[in-house]
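Please look at the sequence and the 3D structure below before reading on.

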Amino acid sequence: MTAAIRPSISACPACVAAPGAQALAEQGLHKDARIALSLPTIHCSACISTVERSLAAVPGVKSARVNLTLKRATIEAEAGVTPDQLVTLLQQTGYEAHELDAGTLSLTQNDKVGRDLLMRMAVSGFAMMNVMLLSVAVWSGATDATRDLFHWISAAIALPTLAFSGVPFYKSAWSALRVRRSNMDVPIVTALLLAVVASIWETALSGHHAYFDAAVALVFFLLTGRYLDHRTRAIARSAAQELSALEVPRATALRDGAEVVMPVADLRIGDLILVRPGGRMPVDGVITEGRSEIDRSLLTGETLPVFAEPGRPVSAGEVNLTGPLTIRATAVGRETSLHRMADLVAIAESGRSRYTSLADSTAKYYTPGVLFLSVASFIGWYLYSADMRTALNIAAAVLIITCPCALGLAVPAVTTAASGKLFRRGMLIKDATALERLAKVDTVVFDKTGTLTAGTPELVNLSDHSPRDLAIALALAEGSSHPLSVSLAAAARAAGIAPAPITELTEVPGYGTKGLWQGQPVRLGRASWTGAVPGAETAAWLAIGTETPRAFTFTDRLRPGAAEAVRNLMAKGIRVLLISGDSAAVVEALARRLGIPEWLAESLPAEKAARITALQDEGRHVLMVGDGLNDTAALTAANVSISPASALDAARVASDIVLLGSDLSPIADAVTTAQSAVRRIRENFNIATLYNVIAVPIAIAGFATPLVAALAMSSSSITVALNAIRLK
Amino acid sequence: MEVLSYLIPISLLLGGVGLVAFIYTVRTNQYDDPEGDARRILNDDWDDHPKP
């Protein structure tokens with residue numbers, strides 16, 4: 001059903017990234033800047049006016065408009081106004097604000113396909129109302145010249161309407177026929193053409209029955225289904241793109257000794273780039289200056305940060321943790337390892353491309369059946385009555401009545417209801433058939449780092465340390481923004497510890513923090529730096545003077561709802577696996593903690609995908625939940641995939657469903673909702689079939705009038721829509 | 001039945017006016033922010049004088 005509009009709306013990572021950066025570059029030249037801000041917390045009319053008023057008060061801002069539906073503000077401003085300035089301003093007013101990459105967003109702003117469908121739907125809707133008015137007059141007994149006049153006026157309205165509004169169906173049917181295939185649109189177009197020809201013929205001979213109203217109503221109902229379908233996905237897509245737009249592709253490069261902020265797309269090989277702590281590497285490169293630690297978890301799934309020093313290569317996508325780094329770019333843009341890995345995804349055979357949607361598989365039997373019935377009744381009546389006109393009329397009636405009006409609504413009405421429901425629970429359904437595929441899932445594969453765990457460390461052995469040690473560790477930890485230090489400081493503060501007085505507190509990027517306590521040197525940091533022997537666990541070591549260093553061990557914090565999601569899935573009889581790129585000890589510990597029986601550690605990206613293919617070969621329907629670049633191949637290979645909003649862009653693009661919140665518990669509910677949605681879709685197909693079983697014999701027997709056709713069509717469509725709303 | 005010669009053009013015209021109005025609203029992006037527009041009507045910013 002949706003084949004016609006699918007190609008134009010498919011999103012790919014590269015086409016999102018490249019034109020976005022281009023648009024940003026063009027903006028630099030343009031005098032006026034267009035700034036887009038995401039405002040996740042606005043919710044009321046007072047918020048709208050406060051935000052608009054405070055933005056408009058900024059000198060240089062020409063206009064500011066809030067869109068409450070998208071929770072977004074668009075600002076037209078002179079070139080001097082920077083997004084950072086506006087974000088700070090709004091934060092002072094009390095609204096959370098994030099800059100959005102205008103280039104990435106502009107792709108969704110003009111939803112041409114949606115607007116086109118809406119326009120065609122509106123035209124057919126207005127035409128349907130007018131033609132119906134005239135038809136009601138005919139049904140209630142207009143005769144002779146009046147009836148002919150009404151039929152001619154109906155024709156005058158219906159013909160241009162069908163020519164305009166039916167275009168999506170004509171295109172889709174033609175593209176199917178051209179490759180000698182058939183789809184749901186073929187009988188639709190045949191019905192429309194036959195109805196028009198038969199009706200004009202009847203009208204010219206002052207006949208009793210004309211099907212102009214039925215033809216226009218058919219187009220209207222089908223376009224409604226298509227528009228619903230498109231709109232559901234347009235909303236999900238724009239929300240998904242907003243996630244991508246939150247990562248503004250900009251980097252700070254050193255050119256001729258000066259710091260220049262420029263779009264990532266403009267970076268060249270050999271450029272020196274500054275990466276601040278907390279920043280992500282924009283390109284592949286080699287460190288030339290600075291020491292720090294690097295978090296590679298999004299690329300490899302390892303939780304332990306890696307030490308970074310000059311001469312060490314880094315890959316795009318890694319996160320710099322402690323000290324500022326300067327890197328020399330060795331590969332930029334599409335050549336980076338990040339992009340090469342994303343390209344792997346395109347090569348991996350996609351689980352979804354092998355999937356035939358319920359609507360398509362129904363159409364496979366439906367289309368030939370309908371055409372056969374219609375042709376058979378034409379031949380039958382022609383042989384019986386030897387009257388071409390009667391035969392054609394009845395064939396048209398059969399086609400109009402069987403036409404999949406309710407079938408056209410059966411799927412989109414349900415998916416709209418289900419997607420809306422899941423959206424309110426924080427899930428974005430990006431792909432049209434994702435719900436159908438999710439309903440079949442019997443195996444769930446989880447990634448560890450960043451998916452089941454939040455990627456933030458949690459101190460485990462606080463009680464093993466004396467208050468004196470804790471006070472020193474707290475004082476040292478507060479001198480650093482390293483994730484381990486932050487977590488240690490938070491845990492110690494929560495336990496009511498006050499920091500010990502420490503002098504000469506300094507952070508040594510990549511190693512730790514050191515200072516003087518009561519004249520003794522104290523250090524908190526890496527094992528080798530504090531004179532300890534490193535263990536398998538994530539740990540920060542505290543060295544006081546010449547005493548033996550003590551370890552503060554950390555575990556990765558569970559993502560909220562992770563335990564619940566795993567428990568609920570297993571309670572539903574679904575097989576749960578944990579596959580991670582991290583070391584065996586850590587993976588096993590987590591699997592025990594969550595009660596996951598099957599786990600696999602130290603998996604390379606290709607091994608993850610291979611394991612999923614192996615499961616599929618056993619006849620399993622696999623749901624993959626992952627967030628990292630090392631998961632993208634697995635996400636693509638799985639039958640259906642989910643990624644959290646914190647995932648890397650490439651992973652989000654590769655997955656069918658994006659979790660907006662940090663909570664994982666909706667996953668189990670989503671499976672339930674998907675199963676009940678598929679049940680509703682099947683019910684809708686049955687309802688549509690039932691109508692046909694009743695109406696088709698009437699049509700073939702020659703008793704069908706345009707009134708019967710109109711009644712059958714409207715009542716089946718309404719029943720189907722009501723059944724969809726029943727979804728809980 | 002002469003009344004038809006008035007009524008039919010009138011009904012067509014009214015339908016046409018509705019359609020043109022709808023096309024105008026689509027062209028001017030009036031369906032971009034249904035939620036915000038529903039709230040803006042409660043906003044008393046420009047009650048006393050029109051927006052300059």
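Chain B contains two helices and zero strands, where helices (H or I, at least four residues) and strands (E, at least two) are DSSP runs numbered from the N terminus. This is a predicted model, in which local features need pLDDT of at least 70 and side-chain atom pairs count only at pLDDT 80 or more, while totals for chains, interfaces and linings use all residues. Residues are numbered from 1 along each chain as its sequence is written, and chains are lettered from A and ligands numbered from 1 in the order in which they are written.

**Chain B**
- The radius of gyration of chain B is 18 Å, whereas a compact globule of 52 residues would have one near 10 Å; this radius is taken over C-alpha atoms, and the globule rule is 2.2 Å times the number of residues to the power 0.38.
- Along its principal axes, the C-alpha trace of chain B spans about 55 × 25 × 20 Å.
- Of the 52 residues in chain B, 2% are buried, a residue being buried if 20 or more other C-beta atoms lie within 10 Å of its own, exposed if 12 or fewer, and partly exposed in between, with C-beta atoms placed from the backbone.

**Where chains A and B touch**
- The contact takes 19 residues from chain A and 20 residues from chain B, and two residues are in contact if their C-beta atoms, placed from the backbone, lie within 7 Å.
- On the side of chain A that touches chain B, the largest share, nine residues, comes from H6(A).

**Helix H21 of chain A**
- The buried residues of H21(A), which covers residues 562-571, are A:Ala562, A:Ala565, A:Val566 and A:Leu569.
- These residues lie on the same side of H21(A) because they cover an arc of only 95° around the axis, the arc being that of the directions from the helix axis to the C-beta atoms.
- An α-helix has 3.6 residues a turn, so residues three or four places apart point the same way.
- Among the elements that cover these buried residues are strand S21 (550-558) and helix H26 (666-700) of chain A.

**Positive phi values**
- Most residues other than glycine have a negative phi.
- A:Asp144, found in helix H7 of chain A, has a positive phi near 45°, and A:Asp144 is exposed, with 8 other C-beta atoms within 10 Å.
- A:Glu504, in strand S17 (residues 503-508) of chain A, has a positive phi of about 55°, and A:Glu504 is exposed, with 9 other C-beta atoms within 10 Å.
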